[in-house]
Amino acid sequence: MSKKISFGTRQNLPTPDQWVESKQVVVVEAEPTKRLTLDLPKSLHGRFKAACALSGESMLEVILKHLEEKYPSG
């Protein structure tokens, strides 16, 4: 006797191209940018990346938001 297992299908998922096009890109070119490289512990990087993915924010957006809150201009 063989047991059949059926898996539900996901519907209404966007194609990869639709997903990329739906993402809002925030480009601020009011001033030149500088590159910052961070060395994070692998476990922290994984937690941070997962949390950003779940919230729908990019890692850059979260870092910029926190830095702006900590060091406001003016």
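1. Salt bridges. A search of the whole structure, which is a predicted model, finds one salt bridge (a side-chain nitrogen of Lys or Arg within 4 Å of a carboxyl oxygen of Asp or Glu). It joins the side chains of glutamate 57 and lysine 65, at 3.3 Å from N to O. Glutamate 57 is partly exposed at 30% relative accessibility, and lysine 65 is partly exposed at 38%. Partly exposed lies between buried, under 20% relative accessible area, and exposed, over 50% (1.4 Å probe, protein chains only).

2. The protein chain has three helices and zero strands, in the order α-α-α; helices (H or I, at least four residues) and strands (E, at least two) are DSSP runs, numbered from the N terminus. Glycine 56 follows H2 and has a positive phi, near 80°.

3. Surface. Of the 74 residues of the protein chain, 4% count as buried. The accessible surface of the chain is about 8000 Å², with 57% belonging to carbon and sulfur atoms (Shrake-Rupley method, 1.4 Å probe; for residues, only the protein chains shown count as cover).

4. Nonpolar patch. Leu36, Leu38, Leu40 and Leu44 form a nonpolar surface patch with about 360 Å² of accessible area together (residues with over 30% relative accessible area and no salt bridge, nonpolar side chains joined within 5 Å). Leucine 44 lies in helix H2 and is partly exposed, at 34% relative accessible area.

5. Basis. Residues are numbered from 1 along each chain as its sequence is written, and side-chain values use heavy atoms, without hydrogens and water. Local features need pLDDT of at least 70 and side-chain atom pairs count only at pLDDT 80 or more, whereas totals for chains, interfaces and linings use all residues.

Conventions: Patches are made of residues with over 30% relative accessible area and no salt bridge: like charges are joined within 9 Å, nonpolar side chains (Val, Leu, Ile, Met, Phe, Trp, Tyr) within 5 Å.
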